[in-house]
Amino acid sequence: MYDVLVNSPVGAEMTAILPQVTTMVTVFYFALFAMSFDFISGYTGYLSFGHAAFYGAGAYAVVLAANGKVPLVGPETPFMLLLLVAGLLAAVLAVLIGAVSFRLTGVYFAMITLGFSQVLYVFVRDWDYVGSNPRDGVAVPGGVSGFEVGVPGVDALNLAIGRLAGDSVALGFVEFTGTGVSYYMVGLVVLVCYFAMQRIIHSPFGRVMIAIRENEERAKAVGYNTFRYKLGAFAISAFFAGVAGGLLAGFKRSVAPEGTFYFLVAGDALLASIIGGFGTLAGPLFGRLFDESVREFLSKSGEGGGLLPWLRDTLGEGVLATELYNGLTVGGTIETFLNGHAALYVGIVFVLFVLFVPDGLLGTVRQRVGGPVGKHLPAHLRRYLR
Amino acid sequence: MTLTALLLTTLFEPITLASATALDATVPLVGFFEALVDFLAPETLASVVVNGLAKAALYIMLAAGLTLIFGLMGVLNFAHGSLTMIGAYLGGLVMVLLVGSATGSLGRLALFFVAIVVVFGLLIALGGVLEVGLIRRLYDRPPIYQILLTFGVTLTLDELARIVVAFYGLQPISDWQAALATKPAILTQSLPLGPINASGLAGFQILAGVVTVAGIYGFLTQTRYGLYIRAGSEDTEMAQALGIDVRRTFTVVFALGAGIAGIAGVFLMWDPRWGASVPLAAETLLPAFVVVIVGGLGTFRGTVVAGLLVGLVDASMTWWFQNAVNFTGLPQMTIFLILVLMLIVKPQGIFGVEEVGGH
């Protein structure tokens, strides 16, 4: 699909606009993390600001297992089992943290989860058992081959993911590169997790979660033990956050405390959820896609797509060398503002969303359409076709 | 490289060598009880306390603005750290620009106060703009949106700062040596105070902390706006009913909070453990949150007590790390453990009331 569009007549423009496949893989696993964050925060209304703890726990579990540092789980364990272990570990962690945290509400809940995650962050960052230099992160040793997504034990159903260590596959006349395979395999895991969470949300359990968000007192009065429901939802959410972390570790083959346990990682998930639509499970995926697209479009330093190389090619030398003010050229301005400073635009977009689109992308669309898009789209299409 | 220097370069962003700490750790790992005996020796304890008070002064300055804003408006300002960071850069800028005209330590100290006044003014303006332009629109929404909005503001401000810093080439490395170098000689020396050695900077910081606390306390108890703020913290609706223009009070408080954050930044700029850098925003935000929440959201008295608590614990844990415990993150981790324990034991904080803020 990507290849077709890039090689079309508007190829240059398409390269500039479309996210690259590598980006899409990171969009997938991070979107799963953002979804798990939305699962607890968007549906029960408890802002879990320390959600990065579970993401990090999952990521570190996989990398440490590959390093042979986790008891009972050796480096040869199939990746799918590792993902499960990562998820369960995060869920156990969530039960421990949630047991004390859910006595609090609102800002206090956000703060205590933030506190817990920062304790873990500092601990992992400085724990020399993790690696010789824990501050810089740990990598999967070279001896371990690619992590395989598929049914453990059945070779034919396994495909390794990873940018460098992934499989490449030829099916008939279609060929997939390593990244392409990772795209589908990571996407597959994320899709399964999404459907699992979707199922939970639409079960009676999910109804209680929403009841807690809307009016916890009333949910209690009706006879639900809200504490148990919240704790259960927190553990489920952490499980999927752990799986997302495991996917990150499997694809990147290295983890660093800054990219996993740090509280700004949870902030990124928050960003994706708000932009995509708080309280819509699929929203974070679109939010993250939007977020990454903005980042990639506005701040690519040169290789691949983005606005910067496109402007460089289109504007021409004369325009670029024009002096604007005090020795500052147009080209210089573009470089200054577009090279690697996407966070600025993401921040501005985020503020605008909070102010003017509080329901997010998907939430707003749903309001316009009058319900989940999937349900109403056929009717709309039929109306136009007739 | 001494162990102290190693600690300071790893604990905080790479900064200059530690000349400010009175503790010079050369002792290798010893048994716990021996270390405890060492720790309880009067000289050690005294210098730990002095260091702790200096840290406490900084923590209180960092958290005071946050407390004022939360106490009255119920807005947990995530952009507070960014305001501190901007204050640090602006303060450094003023100092670097003015330092050529200063001779001697006293001249430089005087210029430092000029820098404080300038930064205070600029950040009050910035805070006012933020409140009127953005935050005011959100008072009728659930409080979660204010957290979200200020979080977005943080991202934007940090990245703007990063662009400016990169554009003017202010820092090839993460600390800003030029600003640090404007510190007068008095403050870099260590002053012998009886048996203990206190650095001049620590004394200066303690003094500044006392002045800040006294100033804010005076403002809250002696001025009309202080009265409004205290009334508004108790019951916003009643205050409004009694004819206080709460909207304007909100603007004033937010601007003041931003100004205080800026002042704290100017002090951090001179402290070799911090220095002016973009990551300062996140690094100062978290301790400020801890202090505010441990003290009880919205009570100034609580903030002062919690600042002292956190500062002293930080200083003693730093000593323990330097002398007995082989774990770099010990002081930082203890700070967050204090937060977690306090929230478990007494969620409303030391002096907190059940409910604060609210509209």
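Predicted model: local features only at pLDDT ≥ 70, side-chain atom pairs only at ≥ 80, totals over all residues.
Residues are numbered from 1 along each chain as its sequence is written, chains are lettered from A in the order in which they are written, and side-chain values use heavy atoms, with hydrogens and water left out.

**Exercise 1.** Describe how helix 2 and helix 3 of chain B are placed relative to each other.

*Solution.* Begin with the axes, which are lines fitted to C-alpha atoms over the stretch in contact, with angles from 0 to 180 degrees between N-to-C directions. Those of helix 2 (residues 32-40) and helix 3 (residues 42-73) of chain B come within 5 Å and cross at roughly 70°. Helix 2 of chain B is therefore roughly perpendicular to helix 3 of chain B, a label for angles of 65 to 115 degrees. Next, list the residues in contact (heavy atoms within 4.5 Å): Asp38(B), Phe39(B) and Leu40(B) of helix 2 of chain B meet Pro42(B), Thr44(B), Leu45(B) and Val48(B) of helix 3 of chain B. Sorted by class, these are five nonpolar, one polar and one charged.

**Exercise 2.** Find the angle at which helix 3 and helix 12 of chain B pack, and the classes of the residues in their contact.

*Solution.* The axes of helix 3 and helix 12 (residues 246-270) of chain B lie 8 Å apart, at an angle of about 170°. This makes the two helices of chain B roughly antiparallel, the label for angles over 145 degrees. Residues that meet here include Leu58(B) and Met61(B) from helix 3 of chain B, and Thr249(B) and Phe250(B) from helix 12 of chain B. The contact has 15 nonpolar, three polar and no charged residues.

**Exercise 3.** Characterise the interface of chain A and chain B.

*Solution.* Take the extent of the contact to begin with: 43 residues come from chain A and 41 residues from chain B. Together the chains bury about 4000 Å², 81% of it on carbon and sulfur atoms, where buried area is the accessible area (1.4 Å probe) that two parts lose on being put together, summed over both. Tyr108(A), Met111(A) and Leu355(A) supply 16% of the area that chain A buries against chain B, more than any other three residues. Finally, count salt bridges (a side-chain nitrogen of Lys or Arg within 4 Å of a carboxyl oxygen of Asp or Glu): between chain A and chain B the count is zero.

Technical notes
Helix = DSSP H or I, 4+ residues; strand = E, 2+ residues; numbered from the N terminus. Parallel < 35°, antiparallel > 145°, perpendicular 65-115°, else oblique. Nonpolar A, V, L, I, M, F, W, Y, C, P; charged D, E, K, R; others polar.
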